[in-house]
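Biologist: I would like to learn how to read backbone angles and helix contacts in a model of this kind. Could we go through a few cases together?

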Amino acid sequence: EDLPSDSGVVDCHLTHSEEWVIQTGGGRALPAMMRLPQGRSDHKHGAHSSAAPRIRTMEALRQNDDPTSRTYAKWQSMMDRDISFFMSKHHSTFIRRFKRGVPQAFRWEVWKAATDYTAKYQKDVYATLHNETNKYTSLITIDTPRTFPELKEFDARSQRTLFRILNAYANHMPEVGYCQGMNFIAGFLLIVSDFREEEAFWVFVCLMDFYDLNFFFREKFPLLRRYLKAFESLAELHIPDIHQHFLNEGLLPAVYLHQWFLTLFINCLPMCTVLVLWDYIICEGLPAILNISLALLKVLRNALVTLRFEEIVRFLKSMRAGGDCDEVMIGRLLVRQAEKIEIQQTLYEHLVHFDEAELLRQAQEEDEESLAS
């Protein structure tokens, strides 16, 4: 079946003013979430504290959908024809539309299809996995109440559901077990799925396995180390002034990237923005987090290059609070900027095609060299 081209009819196409915000930092036009926070950092009297993060419920998130829009109609048509079938039959069209963002009403089913959920799902396995205790069970018990404490929807019942998912995964993949950061990723999947527990578990498994995310959380964080090195080389190439300014201030990438990467931006940006970024990550694969990180710093360049160490850290932490801005638009702006950043093919291959034993050995050797020095 021939489908009409989407070119020229893009609901999230950037206006000239939006491009200006991206290119210049925008001064007063810069969205509130990305403006320089007011107040001074003072360790003696306490650092400036931003407002509590404003996390929306799924009902509120769905209000972003416009059932009368052409985008919504296209996705409705794809869903009516079976999204998995459409994805295989018209892959390039699916990818193009996916990267532009998915209406909230369809997002979970699209994520399931894109992560190949049916390839991982095993009937009746989850019920057995979540009931068995393991050496991570006590740590998971401690961390689940710390997950989305600002979200009323994430109450004690939701925390128990998250506990079961994380405990089940620790039993499913004991070589990975559990590590902080996994709780936010699994919790976010729960929220987006509208608390469909077993589905959220298997999509979590897909992300950890098919996207190699599990190697971020294994002992010594082997793949995370490789991504941090990749970011440094890309930062020197794409944002050299910001990279050098951060080094001059003594701010190493690991200071902010650990949280960005280990939670896939959940703990650094508003939820509506993260939803759009996850559409892009699920579509493009885990290396997309490098594009997004570079794009984010590029957008913030004009503010960041004027700040000192403590102010930079405070600024980056304040972004999750959101503000009086269109958080979905911010996500789309970041994706547009991220797509302009090219990762060299050799570096990309180094990130996605690796020998597991070699990756783990390198992490061990780096630790030994660090201790020796």
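Modeller: Let us begin with a loop: aspartate 116 lies between α6 (104–114) and α7 (117–120), where helices are DSSP runs of H or I with at least four residues, numbered from the N terminus. This is a predicted model, in which local features need pLDDT of at least 70 and side-chain atom pairs count only at pLDDT 80 or more, while totals for chains, interfaces and linings use all residues. Residues are numbered from 1 along each chain as its sequence is written, and side-chain values use heavy atoms, with hydrogens and water left out.

Biologist: What is the phi of aspartate 116?

Modeller: Its phi is near 65°, a positive value in a residue other than glycine. Aspartate 116 counts as partly exposed because its relative accessibility is 36%; buried means under 20% relative accessible area and exposed over 50%, with partly exposed in between (1.4 Å probe, protein chains only).

Biologist: Is phenylalanine 265 buried or exposed?

Modeller: Phenylalanine 265, in the loop between α16 (253–262) and α17 (271–284), has 0% relative accessibility and therefore counts as buried. Phenylalanine 265 also has a positive phi, of about 75°, although it is not a glycine.

Biologist: Which residues of α6 and α11 meet?

Modeller: Contact means heavy atoms within 4.5 Å, and Gln104, Arg107, Trp108 and Trp111 of α6 meet Phe188, Leu189 and Val192 of α11. By class, this contact of α6 with α11 has 5 nonpolar, 1 polar and 1 charged residues, where Ala, Val, Leu, Ile, Met, Phe, Trp, Tyr, Cys and Pro count as nonpolar, Asp, Glu, Lys and Arg as charged, and the others, Gly among them, as polar.

Conventions:
Helices (H or I, at least four residues) and strands (E, at least two) are DSSP runs, numbered from the N terminus.
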